[in-house]
Amino acid sequence: ALGLYAPSLNAVAVDPRAPRSLVHEFAHAYDFEKGQLSVQEGFSNILRYFRENFDTKDIGERRRDYYETPTEIFARAWEIFAAVHGAGGSFVDTMEFYQANAAYRPLIDAIDMIDEYFLGILSDARSEAGRVEEP
C-alpha cells in the first residue's frame, strides 16, 4: 500500500515516495468523516455504473472484491475528479495511468456523473462552511 486511512486514529499516512496516493487517502477520510457517503443513495449511480462496466476478466476474485467496495470506488472516483479538473497536482496520477488501469477505466467513462456528484458535495461543503452558528 502506498497509503492508508486509519479511522480509529483519524489519520492519513502516505509513502513520501508516492505522493500521488494522498488524494485517494483523503477521499477515504472524507467519506468516513461524512458518514460513509460511498454507501449512501447519492453515490449509488456511480457505484452501479462502475460494477456494471468493470472488466474483471484478468483480475482475481479477491482483488475484484476489493476494487468493487464502495469506499474504494469513492476514493478512485475522487482521484479521477481531481485529475480531470487539474486539482491534484503531484497528489494524483496521470490520466494515462488511470486509462491503462482497469480499476479506473469505468470511472473515466462516468465522468459526467462523477462531476455532478462531487461538485454537489463541494457546493454543500461551501454552504456549510459559510454558516455561522448563533450563540
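I am working with a predicted model, in which local features need pLDDT of at least 70, side-chain atom pairs count only at pLDDT 80 or more, and totals for chains, interfaces and linings use all residues. Residues are numbered from 1 along each chain as its sequence is written, and side-chain values use heavy atoms, with hydrogens and water left out.

**Entry on Arg76.** I looked up Arg76 and found it in helix H4, residues 70–84 (helices are DSSP runs of H or I with at least four residues, strands are runs of E with at least two, and both are numbered from the N terminus). Arg76 counts as buried because its relative accessibility is 2% (buried means under 20% relative accessible area, with a 1.4 Å probe and protein chains only). The side chain of Arg76 reaches the backbone oxygen of Tyr67 at 2.7 Å.

**Entry on H4 and H7.** I then looked at H4 and helix H7 (residues 111–130), whose axes come within 10 Å and cross at roughly 90 degrees (axes are lines fitted to C-alpha atoms over the stretch in contact, and angles run from 0 to 180 degrees between N-to-C directions). H4 is therefore roughly perpendicular to H7, a term that covers 65 to 115 degrees.

**Entry on the hairpin.** Strands S1 (residues 3–6) and S2 (residues 11–14) run antiparallel and are joined by 4 bridges, and Tyr5 has Val12 in S2 as its bridge partner. The hairpin of S1 and S2 has 4 residues between the strands, and Asn10 in the turn has a positive phi of about 50 degrees.

Key:
Buried < 20%, exposed > 50% of the residue type's maximum accessible area, 1.4 Å probe, protein only. Polar contact = N/O pair within 3.5 Å; in protein donor to acceptor, adjacent residues only side chain to side chain. Parallel < 35°, antiparallel > 145°, perpendicular 65-115°, else oblique. Pairing = 2+ DSSP bridges.
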